[in-house]
Amino acid sequence: MLAANPPKCPFFLTQASPSPSPSFRILCSASPSASAAEERREIRLGLPSKGRMAADTLDLLKDCQLSVKHVNPRQYVAKIPELSNLEVWFQRPKDIVRKLLSGDLDLGIAGLDTVSEYAQGSEDLIIIHDALGYGECHLSLAIPKYGIFENINSLNELSQMPQWTKEKPLRVATGFTYLGPKFVKENGLEHVSFSTADGALEAAPAMGIADAILDLVSSGITLKENNLKEIEGGVVLRSQAVLVASKRSLLKMKSALDTTHEILERLEAHLKAEVQYQVVANMRGNSAQEVAERVLSQPSLAGLQGPTVSTVYCKRDGKITADYYAIVICVPKKALYKSVQQLRAIGGSGVLYSPLTYIFDEETPRWRELLSKLGL
């Protein structure tokens, strides 16, 4: 089923030579349309259409109060009610990158590996947020554990093997036909050839159609199960989900820049809060300053800028006293138990931990970086 309001695409339907039964062919123009974004009023955000990346992307946006309303799962277009001038378009990750370059999308979320492979260093693509916190993997060279590779454990050792010659190069199977040759050239490797392959690359060396593979690795279990190993110096790229934009769109459409600012603010505030706890504890002391000094003497209790200290009023024997102070700080989730121990060590009690939803800074550094890249 076709999506409502289909995008203006650079495709042309032409009729072939006359015949009793006319045939047709589709011609595709891959050249960017400089005015594509300028002709539109709505901002277009490309999101992955399938798989774990798609689910994690929707979850992240929901956590940022940017839930995607996808009424008909068969349609490729959806809305985010909080951003009235924005359309969501579900696409394959590589198509998100291609359509950002062509001007058919303004913003997109995809893996850094996909962005790097299909953008091929284009200056018209800007990475706005490079660490969305999911989709982590790395692009790595892997070789067999057996045979002539048994004692080869580094890229340097692999490149110096006498087996590789101009007539018989190291054969590498990969789906990354841009990043692979680029990596080889940058590392000065000679006598390497690449073959294009998709799917289960791990079988290629065992089948004899390749000597090594260049593929994405998450846990490494699949490599081990197929008697393959990574080597020192063989990691091409470390990847996770990133937010990218068309530089042309941001410069030509003020609404695109404003929408990007809001999305970035929400992402930054949530991702910063996601790894923190808010801690509230009571502590005896003679003054707020004395309590603050005790808190700041512990390295895990410094918080974002420092502790907030306020008086706790108690009623004893009919009188109001102020023997306790309440401290409020933020601590990293990974330092949870360590912070409990340090609070106890300085007299803390009644320690409460609460998750945080957002931490908004005065201005996110990534926004300043984006403005700098745009020359604004």
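The model is predicted. The protein chain has 376 residues, of which 42% count as buried, and its secondary structure comes to twelve helices and 17 strands.

**The chain as a whole**

- Among contacts between residues at least 6 apart in sequence, 71% join residues that are at least 24 apart.
- The accessible surface of the protein chain comes to about 20,700 Å², and carbon and sulfur atoms account for 51% of that surface.

**The cavity**

- The count of cavities of 30 Å³ or more comes to one, and the volume of the largest cavity is about 60 Å³.
- The residues that line the largest cavity are L141, L170, V172, G180, F183, V184, L189, V192, F194 and L214.
- By type, this lining divides into nine nonpolar residues, one polar residue and no charged residues.
- Three elements, namely β9 (170-174), α5 (179-186) and β10 (192-196), each supply at least two residues of the lining, and α5 gives the most, with three residues.

**Helix α10**

- Helix α10 covers residues 288-296, and its buried residues are V291, A292 and V295.
- Seen down the axis of α10, these buried residues fall within an arc of 100°, and therefore they line one face of the helix.
- As background, an α-helix has 3.6 residues a turn, so residues three or four places apart point the same way.

**Residue E230**

- E230 is found in strand β12, which covers residues 228-239.
- Although E230 and A142 are 88 residues apart along the chain, their C-alpha atoms are separated by 4.5 Å.
- Leaving aside residues up to four places away in sequence, E230 touches H138, S140, L141, A142, V217, L223 and V235.
- One of the residues touched by E230 is L141, and L141 also belongs to the lining of the largest cavity.

Methods. Residues numbered from 1 in each chain as written. Predicted model: local features only at pLDDT ≥ 70, side-chain atom pairs only at ≥ 80, totals over all residues. Heavy atoms only, no water. Helix = DSSP H or I, 4+ residues; strand = E, 2+ residues; numbered from the N terminus. Buried < 20%, exposed > 50% of the residue type's maximum accessible area, 1.4 Å probe, protein only. Contact = heavy atoms within 4.5 Å. Areas by Shrake-Rupley, 256 points an atom, 1.4 Å probe, with all protein chains shown as cover. 1 Å grid on protein atoms, 1.4 Å probe; cavity = no way out; pocket = protein on both sides within 12 Å on 5 of 7 lines; lining within 4 Å. Points joined across faces, edges and corners; volume = space filled by probe spheres on them. Nonpolar A, V, L, I, M, F, W, Y, C, P; charged D, E, K, R; others polar. Arc of directions from axis to C-beta.
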